[in-house]
Amino acid sequence: MFYVMAATSVVASLYLIFEKNPVFCALYMVFSFINIAVLYVLLEAQFIAAVQVIVYTGAIMVLFLFVIMLLMVNVEQKQKDDLPFQRIPAMILGFVLLVVMGLTIKSKIFQGKEGEYTSAKVESIGHTQLIGKLLFTDYLLPFEMTSILLFVAVIGAIILAKRKV
Amino acid sequence: MITLTHYLVLSAILFSIGVVGVLIRRDAIVIFMCIELMLNAVNLSFVAFAHFLHSMEGQMFVFFSMTVAAAEATVGLAIIIAMFRNKDTVNVDNMNIMKW
């Protein structure tokens with residue numbers, strides 16, 4: 001299951017960066033994100049998986065498609081690449097980055113101490129309930145700051161997209 | 001048996017694809033999608049760590065980073081719309097007014 005989901009999400013991401021039409025790009029992005037949501041379920045993070053589907057495929061993709069429809073009346077024109085020589089070095093550097101990250105992972109420096117929430121314990125409390133409890137106890141300040149952040153983002157988006165300030 | 005390393009490697013691959021996408025595409029909206037892809041790759045490694053270390057912190061972080069991603073997408077797309085109004089294009093090569 002992991003390998004199928006991993007392979008499809010990687011292939012969808014590759015299509016995302018090589019596809020010419022931005023509408024298809026958005027659809028490939030969503031496909032990749034849904035695969036990642038399935039991986040979250042495999043990692044026993046059901047709530048995060050649900051939020052991933054709702055936020056990314058529900059909200060962000062609709063936003064992207066909306067903007068694409070708004071702006072890309074003429075998709076096939078232009079798309080002229082002023083820096084064609086940038087492609088090959090970019091791919092080489094991306095590959096080098098991948099190798100470096102792979103070596104980092106291989107060096108086994110990621111050794112944290114184990115936490116208290118084992119699968120059985122999460123199962124007994126209930127995953128969403130546990131997240132909700134933590135959100136309103138240990139993470140109350142970040143939670144409130146998130147609400148301020150969203151508020152600021154809404155105001156900023158309205159101001160930026162308004163025709164005349 | 002799927003270990004933490006599998007998830008970290010997948011996350012690294014997705015992140016690299018996102019980086020390459022940002023570098024080779026000229027379309028502001030697609031660059032934005034690649035940034036979202038990189039955010040998701042990091043979220044995946046957060047959740048993998050949380051699962052394999054029996055901790056909840058990773059999932060809380062993913063929750064907050066998703067909120068930030070949503071806010072970022074809203075503001076970023078608003079900026080793209082504003083750019084389109086001024087320049088009539090979303091190609092980043094034409095956004096060189098601040099280039100010295």
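Domain bounds are those of an automatic or database domain assignment. For chain A this assignment gives domain 1 (1-74) and domain 2 (122-165). The C-alpha centres of domain 1 and domain 2 of chain A are 22 Å apart. The model is predicted, and local features are reported at pLDDT of at least 70 and side-chain atom pairs at pLDDT 80 or more, while totals for chains, interfaces and linings use all residues. Residues are numbered from 1 along each chain as its sequence is written, and chains are lettered from A and ligands numbered from 1 in the order in which they are written.

Chain A contains seven helices and zero strands; helices (H or I, at least four residues) and strands (E, at least two) are DSSP runs numbered from the N terminus. Its pattern along the sequence is α-α-α-α-α-α-α. The radius of gyration of chain A is 21 Å, whereas a compact globule of 165 residues would have a value near 15 Å. This radius is taken over C-alpha atoms, and the globule rule is 2.2 Å times the number of residues to the power 0.38. Along the principal axes, the C-alpha atoms of chain A fill a box of roughly 55 × 45 × 25 Å. Of the 165 residues in chain A, 23% are buried. A residue is buried if 20 or more other C-beta atoms lie within 10 Å of its own, exposed if 12 or fewer do, and partly exposed in between, with C-beta atoms placed from the backbone. Two residues are in contact if their C-beta atoms, placed from the backbone, lie within 7 Å. Among contacts in chain A with a separation of 6 or more, 50% join residues 24 or more positions apart.

Chain B has three helices and zero strands, in the order α-α-α. The C-alpha trace of chain B spans about 50 × 25 × 20 Å along its principal axes. In chain B, 53% of the 100 residues count as buried. Residues 24 or more positions apart provide 49% of the contacts in chain B with a separation of 6 or more.

Between the chains, 63 residues of chain A are in contact with 57 residues of chain B. On the side of chain A that touches chain B, at least two residues come from each of helix H1 (2-18), helix H2 (22-42), helix H3 (46-71), helix H4 (87-106), helix H6 (127-136) and helix H7 (140-161) of chain A. H3(A) gives the largest share, 11 residues. By class, this side of chain A has 45 nonpolar, 11 polar and seven charged residues. Here Ala, Val, Leu, Ile, Met, Phe, Trp, Tyr, Cys and Pro count as nonpolar, Asp, Glu, Lys and Arg as charged, and the others, Gly among them, as polar.

H1(A) has 17 residues and reaches 24 Å from its first C-alpha to its last, close to the 24 Å expected at 1.5 Å a residue. The expected span of a helix is 1.5 Å times one less than its number of residues. The buried residues in H1(A) include Ala6(A), Ser9(A), Ala12(A), Ser13(A), Leu16(A) and Ile17(A). They cover an arc of only 135° around the axis, which puts them on the same side of H1(A); the arc is that of the directions from the helix axis to the C-beta atoms. An α-helix has 3.6 residues a turn, so residues three or four places apart point the same way. Tyr3(A), Val4(A) and Ala7(A), on the other side of H1(A), are exposed. The cover over the buried residues of H1(A) includes H2 of chain A, together with helix H1 (4-24) and H2 of chain B.

Helix H2 (residues 28-52) of chain B has 25 residues and should span 36 Å at 1.5 Å a residue, which agrees with the 37 Å between its end C-alpha atoms. Of these 25 residues, 21 are buried, so H2(B) is largely enclosed by the rest of the structure.

Most residues other than glycine have a negative phi. Glu44(A), not a glycine, has a positive phi of about 60° and lies in the loop between H2 and H3 of chain A. Glu44(A) counts as partly exposed, with 16 C-beta neighbours inside 10 Å. His54(B), also not a glycine, has a positive phi of about 50° and lies in the loop between H2 and helix H3 (57-87) of chain B. With 17 other C-beta atoms within 10 Å, His54(B) is partly exposed.
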